[in-house]
Amino acid sequence: MKITTNNLMKSRLSKSLAGVTLCFSLFTAGTLITTPQAAFAASQTKSTATATSSKADSIISLGKRYLGVRYKFGASTGNTSAFDCSSFTQYVYGKNGVSLPRSSKQQSQVGTYVPKDQLKPGDLVFFYSPIHHVGIYMGNGKILHTYGSPGVTISDMNTGWWKNNYKTARRVLK
């Protein structure tokens with residue numbers, strides 16, 4: 001076979017085309033192998049976030065059913081005719097499968113710390129120093145809690161006493 005410029009160019013083109021095809025095939029095969037794993041991991045993360053959000057919604061929804069129920073310091077655990085702040089959070093979280101200790105101070109030591117600017121619905125928020133009040137963060141600066149004459153109520157934690165006495169927050173939902 002006589003080697004000509006034309007034959008040499010065809011040979012190089014064929015080899016280049018074969019190389020590109022091989023690279024594309026390997027890339028595609030790699031994508032097919034890793035995509036299901038990546039998709040599974042992403043779905044697990046989304047599933048966990050959705051489950052947490054759903055549980056927070058359930059806790060808040062249950063808590064809202066008790067709006068107006070009177071406040072009583074030292075209310076008995078499980079009593080739904082009167083709550084103090086920590087018996088209220090202990091009750092509504094407990095009904096959603098999350099066990100909390102009895103006092104607000106004890107509750108402030110479970111879960112993980114959350115900075116105020118990263119609060120999510122369902123987080124526990126704590127007030128005063130030393131801590132002696134707890135509420136449930138609802139989103140948009142609102143808390144569901146109980147105290148004094150309003151009993152179970154919703155307050156804006158970014159105003160008044162609540163703003164001035166905010167102490168910390170904990171995430172107990174996973």
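This is a predicted model: local features need pLDDT of at least 70, side-chain atom pairs count only at pLDDT 80 or more; totals for chains, interfaces and linings use all residues.
Let me start with Tyr93, which, once its neighbours within four places in sequence are left aside, is in contact with Ile59, Val98, Leu100, Gly122, Asp123, Leu124, Ile136, Val172 and Leu173. Tyr93 belongs to the largest nonpolar core, a set of 24 residues, and it is named there together with Tyr66, Phe88, Val92 and Ile136 as touching the most other members. The elements that give two or more residues to this core are helix H1, residues 5–64, helix H2, residues 85–94, strand S2, residues 124–127, and strand S3, residues 133–139. Of these, H2 provides the largest share, with 5 residues. There is also a second, separate core of 10 residues, and among its members are Leu119, Ile143, Tyr166 and Ala169. As general background, nonpolar side chains in soluble globular proteins tend to be buried together.

Now to the sheet. Here 6 strands form an open sheet in the order S1-S6-S2-S3-S4-S5, with antiparallel pairing, and the edge strands, each of which pairs on one side only, are S1 and S5, the latter covering residues 151–156. At the S1 end, residues 112–113 of S1 pair with S6, residues 166–171, over 2 bridges in the antiparallel sense, and within S6 it is Arg171 that stands opposite Thr112. On moving to the next pair, we find S2 and S6 running antiparallel and joined by 4 bridges, with Ala169 in S6 as the bridge partner of Val125.

Finally, I would like to look at Asn165, which is found in helix H4, residues 160–165. Is Asn165 buried or exposed? It counts as buried because its relative accessibility is 17%, and the cut-off for buried is under 20%. Not counting residues up to four places away in sequence, Asn165 touches Phe126, Phe127 and Tyr128.

Definitions and conventions: Residues are numbered from 1 along each chain as its sequence is written. Side-chain values use heavy atoms; hydrogens and water are left out. A nonpolar core is a set of buried Ala, Val, Leu, Ile, Met, Phe, Trp, Tyr and Cys residues joined through side-chain atoms within 4.5 Å. Buried means under 20% relative accessible area, exposed over 50%, partly exposed in between (1.4 Å probe, protein chains only). Contact means heavy atoms within 4.5 Å. Two strands pair if DSSP finds at least two bridges between them.
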